[in-house]
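Subject: Handover of a structure and notes on its contents

Dear colleague,

Please find below the structure that I am handing over to you. My notes on it come directly after.

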Amino acid sequence: MRYRDGYYIYLCSALNKIIHYMETPYIYYVLVILLSSVPFSVAKAGSIPFSQAVEAAWAVDPDRTELNTNYRSAAARAEAAGSWFAGGPTVSGQYFDDHAIGSNEGYTTYQGGVSVPLWLPGQGSATVGVARAEALTIQERLHVARMAVAMRVLDTSANVVMAQRRLAIARIQKDTLEKIRASVIRGKHIGEMTLADQQIIASEIANAANEYSQSEEQVETATSALRILLGRPTVPDILSFDNVALAHDGLFSAEALENNDPRVRAARQAVRTAEAGVHLAKASFMPNPEVGVAAIHEKQYGSPWDDRVGVTVSIPLPSDVRNVPMETDARNKLAAAINQEQQARRNVRQELAQVFSHLTATKDMFRNSVLSAESMNSRANEMNRSWQVGETSLVELLRARSAASRALQLRNQAEVAWHAAIIRTLIAAGEFQ
């Protein structure tokens with residue numbers, strides 16, 4: 001019942017918008033039939049604005065939790081990279097005596113020290129830069145994931161609306177055929193109809209019952225998918241988006257939309273991260289030197305002192321065996337990031353062209369489908385009157401009713417596709433980020 005109540009709200013909102021924006025009148029007769037078949041109790045299914053639906057889906061999206069964890073980890077690495085030293089301290093200790101070689105003179109040495117690695121010139125700031133760039137990359141990936149969530153909400157919501165409308169049309173078709181069968185049975189009793197006519201209408205009713213069952217399954221499947229996506233049983237109001245909402249948003253140029261697309265921004269930030277990695281590889285031209293302090297305590301025969309303290313310095317020398325693989329790996333990552341940015345720009349550019357062309361096409365398809373559905377419904381009405389006076393066969397009437405039902409189904413598909421195309425354009429414009 002809640003599906004039909006929700007469909008009544010959709011039909012009412014669609015009627016007001018279509019009368020205002022379309023140049024041709026709506027199919028009033030079909031609407032009267034549709035609305036009369038939908039019980040108008042209190043609409044419990046309800047609907048929420050599309051922006052709230054995106055927020056709800058984003059709040060329960062598993063990718064969001066993972067990316068937020070990755071972002072906090074990258075931010076922590078950036079903070080840790082600001083340390084005074086390039087790594088943790090190293091503690092060393094040594095012990096020597098002469099007992100191992102059989103001497104009994106008592107020569108004993110205790111030696112210990114602690115040292116820390118030092119940053120090479122520019123290496124510390126380069127390390128911080130890489131960590132911060134990684135954090136920004138993950139932040140851009142969050143915007144990409146949110147855009148993907150908005151797309152899933154749009155597609156799933158459109159499936160639900162179409163399933164609800166298909167179910168309503170199937171119910172109307174089934175009820176209409178039941179009324180025709182009652183007329184056929186009465187006509188057969190008085191000798192005006194034949195057994196073949198009764199068998200034909202029975203077959204059509206069986207097909208209508210199958211369509212109704214399939215429609216119910218589609219509604220349950222689509223609604224379940226939407227409920228899992230949003231985390232609550234509600235349907236976003238996608239039919240409220242029209243040309244007014246599109247004009248009010250104020251779309252930018254195609255180039256601005258491309259540069260503002262989260263996928264392009266994420267790819268561009270990945271290039272910056274790779275560039276920071278190349279800079280870090282150049283700054284790490286040798287292993288980090290270490291400096292520390294050491295102390296020695298000795299027990300030796302006749303020694304005038306037994307304690308010493310000093311400074312230790314360890315400077316590893318550069319080596320191509322270490323540096324070349326590190327630098328080439330950083331350059332390879334940069335080349336891959338540049339390639340991915342170019343591919344992302346191409347894909348987004350092509351997608352934007354498809355979005356705008358689809359928006360124009362769906363608007364024309366919607367207008368034409370309204371005209372087609374109105375004409376097919378008028379034809380079916382004329383065929384019904386002609387059949388009642390015996391001028392048209394039952395087969396022709398059923399064909400006309402079936403054609404009118406298919407035309408109404410196509411009109412519904414075109415309407416939902418038009419509203420979805422508008423929302424898709426707004427998503428491309430960054431409206432729901």
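The following paragraphs set out what was found, from the whole chain down to single residues.

This is a predicted model, in which local features need pLDDT of at least 70 and side-chain atom pairs count only at pLDDT 80 or more, while totals for chains, interfaces and linings use all residues. Residues are numbered from 1 along each chain as its sequence is written, and side-chain values use heavy atoms, with hydrogens and water left out.

Overall composition

The protein chain contains 11 helices and 6 strands; helices (H or I, at least four residues) and strands (E, at least two) are DSSP runs, numbered from the N terminus. Of its 433 residues, 40% are buried, where buried means under 20% relative accessible area, exposed over 50% and partly exposed in between, with a 1.4 Å probe and protein chains only. The accessible surface comes to about 23,100 Å², and carbon and sulfur atoms hold 56% of that area; the areas come from the Shrake-Rupley method with a 1.4 Å probe, and for residues only the protein chains shown count as cover. Among contacts (heavy atoms within 4.5 Å) with a separation of 6 or more, 83% are between residues 24 or more positions apart.

The sheet

An open sheet is formed by 4 strands in the order E2-E3-E5-E6, with antiparallel pairing; two strands pair if DSSP finds at least two bridges between them. Strand E2 (90-97) and strand E6 (307-314) are the edge strands, each pairing on one side only. Strand E5 (residues 290-299) and E6 are joined by 8 bridges and run antiparallel. Within this part of the model, His297 stands opposite Asp307 in E6.

Helix H11 covers residues 394-428 and includes Arg424. Its 35 residues should span 51 Å at 1.5 Å a residue, and the end C-alpha atoms are 51 Å apart, which agrees; the expected span is 1.5 Å times one less than the number of residues. H11 is mostly covered, as 27 of its 35 residues are buried. Arg424 itself counts as buried because its relative accessibility is 11%. Leaving aside residues up to four places away in sequence, Arg424 touches Met147, Met151, Leu154, Arg263, Glu351 and Val355. Just after H11, Gly430 adopts a positive phi of about 80°.

Ser378 belongs to helix H10 (residues 320-388). With a relative accessibility of 37%, Ser378 counts as partly exposed. Ser378 and Ala400 are 22 residues apart in sequence, and their C-alpha atoms are 9.7 Å apart in space.

Aromatic pairs

Rings of Phe, Tyr and Trp (its six-membered ring) pair if their centres lie within 6.5 Å; planes under 30 degrees apart count as stacked, over 60 as edge-to-face and the rest as tilted. By this rule there are 5 aromatic pairs. In one of them, the rings of Phe50 and Phe241 have centres 6.2 Å apart and planes at 85°, so the pair is edge-to-face. Phe50 lies in helix H3 (residues 50-59) and Phe241 in the loop between strand E4 (235-237) and helix H7 (243-249), so this pair ties together parts that are 191 residues apart in sequence. Phe50 counts as buried at 1% relative accessibility, and Phe241 is buried at 14%. The rings of Phe241 and Phe432 also have centres 6.2 Å apart, with planes at 70°, so that pair is edge-to-face. Phe432 lies in the segment after H11, so its pair with Phe241 likewise joins parts that are 191 residues apart in sequence. Phe50, Phe241 and Phe432 form one aromatic cluster.

With kind regards
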